[in-house]
Amino acid sequence: MTETNIVTSIATPNIAFIKYWGKRDYTGLNTPNNSSISMTLDETVKTTTSVFFSSKIKKDTIFINGVEDSILAKEVSEKSRYMNAILNKMRSLSKINYHALIVSENNFPSGAGIASSASGAAALVIALNEALSLKMNTKELSIMARQISGSACRSLYGGIVKWHKGSRDDGTDSYAEQIFKKEHWKELIDIIAIVDSGTKKISSSIGHEATVKTSTLYKERPAFAERNIEEIEKAIKNKDIDLLSRIIMKDSNNMHATMLDTWPPIMYLNDSSKEIIYNIHELNDSQKNEKYIAGYTFDAGPNAHIITTEEHRDEVLDSLKGVKGIKKILESHQGAGPRILSKDESLLNESTLTPKKMK
Ligand code: 2P0
């Protein structure tokens, strides 16, 4: 055999309800200080990745959105280095030693303000597993994806997902698993208000470390997050949007408070994010029965994710009207998790060894 099949996969990002911020290990294991819970998004936002190993390929090459990213170049980002490390690790577990050609595309424009590292890393490990015939199970793949980008370990599953922080030094017990199928609470939606499509000033990788090192408030954060996990599991089990909204807002605010308490401070929220926060509180406070109907949560960026149910969608959209700076609104239900596509959906041109749609 001189080459593998071309394998193409799809994975979607996830939005954390209880956030991961702060690691135990900064050497590429990405083991977190607390467990986290997330909702996997549907294919409204997705990464598609094709991989191919062949004797015709002269060096490992990756194209992201049509642009070549030299993963072996000297000046590479930490994520590219970790991606390269996982490619090497998974290849070494197989009988194949050809170079790889990887073509990866996001259906959302890069800079749309949606993290692509989780869906990108999840799609990559799924495709590598299949192309290299490794037969790893989802837990093992979750551990692989985690080492490219921590939050990626949650994108290996659909529905509601828990990342167990684990305690072992080698990270073998730090992996994600599905805790609720998407059908359990199918009315749950994420309304994403894009208020900034630029790249963030401080990468998450740098932020995690800076907060743990310098924030006094952070000392309380892991225990607070663990308590929130217990509560949110109850909220989801009982499909209780009032409790869910309260917990996710508090957890997001708590994480952003530790970021502001970092020295020098990290501020991901902008004025539009803050206006959305006020509007959602106003919306909740105006409910006659004092039950909350929606909660905001923000990742390492200013774009708002508003979690609500289909029933309250229109009220949430109304409350966003007039907020200055909203560029776009996306809506996502829970997704089903990653999948392998058929051969003819490949992104890769086998004869030219380039992406089919070169930009
Ligand atoms: C999360 N975030 O739980 C949290 C909330 C951002 C805020 O996971 O260094 O890109 O690759 O492990 O996964 C973003 O951090 O960090 C993140 P690395 P990652 O979704």
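A residue counts as buried here when its relative accessible area is under 20%, as exposed when it is over 50%, and as partly exposed in between, with a 1.4 Å probe and protein chains only. By that definition Tyr-296 is buried, and so is Phe-298. The model is predicted, so local features are reported at pLDDT of at least 70 and side-chain atom pairs at pLDDT 80 or more, whereas totals for chains, interfaces and linings use all residues. Residues are numbered from 1 along each chain as its sequence is written, and side-chain values use heavy atoms, with hydrogens and water left out. Helices (H or I, at least four residues) and strands (E, at least two) are DSSP runs numbered from the N terminus.

**Aromatic pairs and charges over rings**

- A search of the whole structure finds 3 aromatic pairs, where rings of Phe, Tyr and Trp (its six-membered ring) pair if their centres lie within 6.5 Å, and planes under 30 degrees apart count as stacked, over 60 as edge-to-face and the rest as tilted.
- One of these pairs joins Trp-21 and Tyr-268, whose ring centres are 6.3 Å apart and whose planes stand at 85°, so the pair is edge-to-face.
- This pair links distant parts of the chain, since Trp-21 is in the loop between β2 (14–18) and β3 (36–40) while Tyr-268 is in the loop between α6 (241–260) and α7 (271–285), 247 residues apart.
- Both partners count as buried, Trp-21 at 3% relative accessibility and Tyr-268 at 8%.
- The rings of Tyr-296 and Phe-298 have centres 5.9 Å apart and planes at 50°, and the pair is therefore tilted.
- Lys-139 lies over the face of Tyr-175, at 4.4 Å from the ring centre, and Arg-246 lies over the face of Tyr-292, at 3.8 Å from the ring centre; a charge sits over a ring if NZ of Lys or CZ of Arg is within 6 Å of the ring centre and within 35 degrees of the ring normal.

**Helix packing**

- Helix α5 (residues 221–237) and α6 pack at an angle of about 160° with their axes 9 Å apart, where axes are lines fitted to C-alpha atoms, for helices over the stretch in contact, and angles run from 0 to 180 degrees between N-to-C directions.
- The two helices α5 and α6 are therefore roughly antiparallel to each other, given that angles under 35 degrees count as roughly parallel, over 145 as roughly antiparallel, 65 to 115 as roughly perpendicular and the rest as oblique.
- The crossing of α5 past α6 is left-handed, a term used if the near helix is turned anticlockwise from the far one by less than a right angle, with right-handed used if it is turned clockwise.
- Among the residues that meet across this packing are Phe-224, Asn-228, Glu-231 and Ile-232 in α5 and Leu-244, Ile-247, Ile-248 and Asp-251 in α6, contact meaning heavy atoms within 4.5 Å.
- The axes of helix α2 (residues 117–131) and helix α3 (residues 138–146) come within 9 Å and cross at roughly 130°, so α2 and α3 are oblique to each other, and α2 passes α3 in a right-handed crossing.
- Ala-121, Val-125, Ile-126 and Asn-129 of α2 make this contact with Leu-141, Met-144 and Ala-145 of α3.
- The buried residues of α3 are Leu-141, Ser-142, Ile-143, Met-144, Ala-145 and Arg-146, and what covers them includes α1 (78–92), α2, β8 (160–163) and β9 (176–180).

**Backbone features**

- Most residues other than glycine have a negative phi, and most peptide bonds are trans.
- The peptide bond from Trp-263 to Pro-264 is cis, with omega near -10°, and Pro-264 is found in the loop between α6 and α7.
- Asn-30, in the loop between β2 and β3, has a positive phi of about 50° although it is not a glycine, and at 2% relative accessibility Asn-30 counts as buried.
- Lys-135, in the loop between α2 and α3, has a positive phi near 55°, and at 73% relative accessibility Lys-135 counts as exposed.

**Two residues and their surroundings**

- Ile-247 in helix α6 counts as buried at 7% relative accessibility; leaving aside neighbours within four places in sequence, Ile-247 is in contact with Ile-18, Asn-228, Glu-231 and Ile-232.
- Ile-247 and Ile-18 are 229 residues apart in sequence and 8.2 Å apart in space, C-alpha to C-alpha.
- Ser-204 lies in helix α4 (residues 204–214), is buried with a relative accessible area of 15%, and touches Trp-21, Tyr-268 and Ala-300, not counting residues up to four places away in sequence.
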